[in-house]
Amino acid sequence: MAPSEGLLVRRIREGTVIDHIPAGRALAVLRILGITGREGLRVAVVMNVESRKLGWKDIVKVEGRHLSSEEVNRIALIAPTATINIVKDYRVVEKKRVKLPPVIEGIISCTNPTCITRKPREPVRPRFRLLSEHPLRLQCVYCGTIMEEEDVLEQLEEQGG
């Protein structure tokens, strides 16, 4: 695409635009949100477009849908550079950067099969301490297992919404 050419993606009346997703992760964002295309929502996915901040980025627009705080946290795990834009009547009324909390609880499971959080009879929710955002590294507060970005991405994609 020549630098003077624009990208034509229709504006949405109401919903959410997830911008500044690292290139190649838009489909993972859709899976995390449980969006398959059969829900009747109008969804636009733009992948591998130039970005001044990231070099290359993806964008996801979902008309008629707003995200829960847990969904935003899930997105932050795989797209820490993302911004969430809330659109009403074709205008962005709120814009926020995703932010990983220092402790992530109940979103992903520990990869250690002997961790107490994996025992069906133990009422313990998985909890992880954020060690690093870039690259993503989390540590289970119960058993000390370190989870890398790829472990987290794989798990979130398997879980869907």
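Author: On a 1 Å grid over the protein atoms alone, a pocket is an open set of points where a 1.4 Å probe fits, with protein on both sides within 12 Å along at least five of seven lines, and its lining residues have an atom within 4 Å of a point. Grid points are joined across faces, edges and corners, and a volume is the space filled by probe spheres set on the points. The model is predicted: local features need pLDDT of at least 70, side-chain atom pairs count only at pLDDT 80 or more, and totals for chains, interfaces and linings use all residues. Residues are numbered from 1 along each chain as its sequence is written, and side-chain values use heavy atoms, with hydrogens and water left out.

Reader: What is the volume of the second largest pocket?

Author: The lining of this pocket includes Arg 11, Ile 12, Asp 19, Ile 59, Lys 61, Asn 85, Tyr 90 and Val 92. The volume of the second largest pocket comes to about 180 Å³.

Reader: Which elements give two or more residues to the lining of the second largest pocket?

Author: Elements are DSSP runs numbered from the N terminus: helices are H or I of at least four residues, and strands are E of at least two. Contributing two or more residues to the lining of the second largest pocket are β1 (15-22), β3 (55-63), β4 and β5 (91-97).

Reader: How many charged residues are in the lining of the second largest pocket?

Author: Asp, Glu, Lys and Arg count as charged; Ala, Val, Leu, Ile, Met, Phe, Trp, Tyr, Cys and Pro as nonpolar; and the others, Gly among them, as polar. Beside six nonpolar residues and one polar residue, the lining of the second largest pocket has charged residues numbering four.

Reader: Is Asn 85 buried or exposed?

Author: Asn 85 belongs to strand β4 (residues 83-88). Contact means heavy atoms within 4.5 Å; beyond its neighbours within four places in sequence, Asn 85 is in contact with residues including Gly 15, Asp 19 and Glu 94. Buried means under 20% relative accessible area, exposed over 50%, and partly exposed in between (1.4 Å probe, protein chains only). Because its relative accessible area is 7%, Asn 85 is buried.

Reader: What is the phi of Tyr 90?

Author: Tyr 90 is situated in the loop between β4 and β5 and, at 35% relative accessibility, is partly exposed. Although Tyr 90 is not a glycine, its phi is positive, at about 70°.

Reader: Where does His 20 lie?

Author: His 20, which is not a glycine, has a positive phi of about 60°. Its relative accessible area is 10%, so His 20 is buried. The element that holds His 20 is strand β1.

Reader: Which residues of α2 are buried?

Author: Helix α2 (residues 69-78) is mostly covered, with seven of its 10 residues buried. The buried residues of α2 are Glu 71, Val 72, Arg 74, Ile 75, Ala 76, Leu 77 and Ile 78.

Reader: What is the relative accessible area of Arg 65?

Author: Arg 65 occupies the loop between β3 and α2. Not counting residues up to four places away in sequence, Arg 65 touches Gly 15, Thr 16, Leu 33, Ile 35, Leu 41 and Glu 71. Arg 65 is buried, since its relative accessible area is 18%.

Reader: Which residues does UniProt list for "binding site"?

Author: UniProt positions follow the numbering used here, feature names are shortened, and annotations may be inferred rather than shown by experiment. The unreviewed entry gives, under "binding site", Cys 110, Cys 115, Cys 140 and Cys 143.

Reader: Where do these listed residues gather?

Author: They span 34 residues in sequence, yet no two of their C-alpha atoms are more than 8.8 Å apart. They therefore gather at one spot.

Reader: How far is the sulfur of Cys 115 from the closest cysteine sulfur?

Author: Cys 115 lies in the loop between β6 and β7, and Cys 140 in strand β8. A disulfide is a pair of cysteine sulfur atoms within 2.5 Å, and the count by this rule is zero. The sulfur of Cys 115 is too far for a bond from the closest cysteine sulfur, in Cys 140, because the distance is 3.7 Å.

Reader: Which residues are joined by a cis peptide bond?

Author: Pro 135 is found in the loop between β7 (127-132) and β8 (137-140). With omega at about -5°, a cis peptide bond joins His 134 and Pro 135.
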